[in-house]
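Hi everyone, thanks for making time for this.

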Amino acid sequence: MLGVLYFRSIAMLSSQTLTQFLLHHLAKHPDQITLSLLLSDLATIGKAISQKTNKAGIAKILGSAGKTNVQDEEVQKLDMLSNELCKEYLTQTGRVAALASEEEDMPVDMGNAGKDAAYVIAFDPLDGSTNIDVNVSIGTIFSVHKRLSGIERTDERQFLQQGNEQVLAGYILYGSSTVLVCSFGDGVHEFTLDQGLGEFLLSQEHMSLPSNAKYYSVNECNMKYVCENDQKRMLWLRDESGLRGRYIGSLVADFHRNLIKGGVFIYPEIDGKNTGTYAGKLRLNYELKPMAFLIEQAGGVATNGKGDNILDMTPKSLHQRCGFLVGNTSVVEHIEKIV
Ligand code: AHG
Ligand code: MN
Ligand code: MN
């Protein structure tokens, strides 16, 4: 019996740790030492937020923080806490020069340690906030660019770079398990947090979308808020695509399921207040660009619903929103043709 337990414990360590993975990565990309250490920093932040979300109910950090953010959205306590965690931790490590966040009006200076840093980072510190209080999966999304020279590190233009210029992007999903999914631009890899070891262990390498889509994800209640063409698209998905509907309301969770099982996620521009103008809900810089980077690495595609590849779009402002269509290329292309 002891022999079995011994081999089982060894088996647990048969997966590469994130550190071992990064050492292999560095052997192929010796110029990415700081970027690799930055991913390690993000893994540490993910562990800390995971720990907070796992006991939010008892740590009295559920519910609203009693303020609204630049998005004019009610901020949850865990949004604030996650945002502070990202800022505080990255201020000490000195790997990034500036940080943009859904919860910050303007880019934040990452202090003296980061004054010469070569990268800037944009965060959705906690995605899926409306699901925090009901114990449904939420996540942290990150997007890393090279710092632009010749302009202040906190100049908004540091973050108005095209998605295909990202050097690292990914998310940490706090679900039934905590997973880190990321790409340096050479494939998408998933690491699962072994809570006992406190280590992220490689669980899927070079993830690729299944050839057949299985699910579609859309908030059906928006049918009355979208333009006629997007209504046609939503009806095609529901009645003719043959796909099954799944919608969690956390982009990270819906994206992760569709990445693994195959599928499309659509969030069209909406006119929620009947003003006659349609606008996107999701944010280009720290939700759509990182997800588009990952899906393209996994063999799919992401557009703004108007035929523009998200990765080719040059953001006009830090918190710019736009429509979103992401997933299996064949399905995205079919939907784009419904005009
Ligand atoms: P956040 O919590 O960071 O504001 O993001 C919420 C986003 C995204 O996670 C999700 O796909 C979408 O909002 C859900 O919006 P609806 O509730 O309007 O469907
Ligand atoms: Mn979000
Ligand atoms: Mn958020």
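**Around ligand 1**

Okay, so let's start with a contact: the side chain of D124 has an N or O atom 3.0 Å from an oxygen atom of ligand 1. Keep in mind that what you're looking at is a predicted model.

Next, K281. A polar atom of the K281 side chain is 3.0 Å from an oxygen atom of ligand 1. With L126 it's the backbone that takes part: one of its polar backbone atoms lies 3.3 Å from a ligand 1 oxygen.

How much of ligand 1 does the protein bury? On its own, ligand 1 would expose 470 Å², and the protein buries 87% of that. The space that ligand 1 takes up is the largest pocket.

So who's standing around it? There are 18 residues around ligand 1, and the ones that come nearest are D127, G128, S129, Y247 and Y267. If you sort the shell by type, you get six nonpolar, five polar and seven charged residues.

Now the strands. Two elements give two or more residues to the shell around ligand 1: β5, running 119-127, and β13, running 263-267. Which of the elements gives the most to that shell? That's β5, with three residues.

Methods. Residues numbered from 1 in each chain as written. Chains lettered and ligands numbered in written order. Predicted model: local features only at pLDDT ≥ 70, side-chain atom pairs only at ≥ 80, totals over all residues. Heavy atoms only, no water. Near = heavy atom within 4 Å. Polar contact = N/O pair within 3.5 Å; in protein donor to acceptor, adjacent residues only side chain to side chain. Areas by Shrake-Rupley, 256 points an atom, 1.4 Å probe, with all protein chains shown as cover. 1 Å grid on protein atoms, 1.4 Å probe; cavity = no way out; pocket = protein on both sides within 12 Å on 5 of 7 lines; lining within 4 Å. Sits in = over half its atoms within 2 Å of the grid points. Helix = DSSP H or I, 4+ residues; strand = E, 2+ residues; numbered from the N terminus. Nonpolar A, V, L, I, M, F, W, Y, C, P; charged D, E, K, R; others polar.
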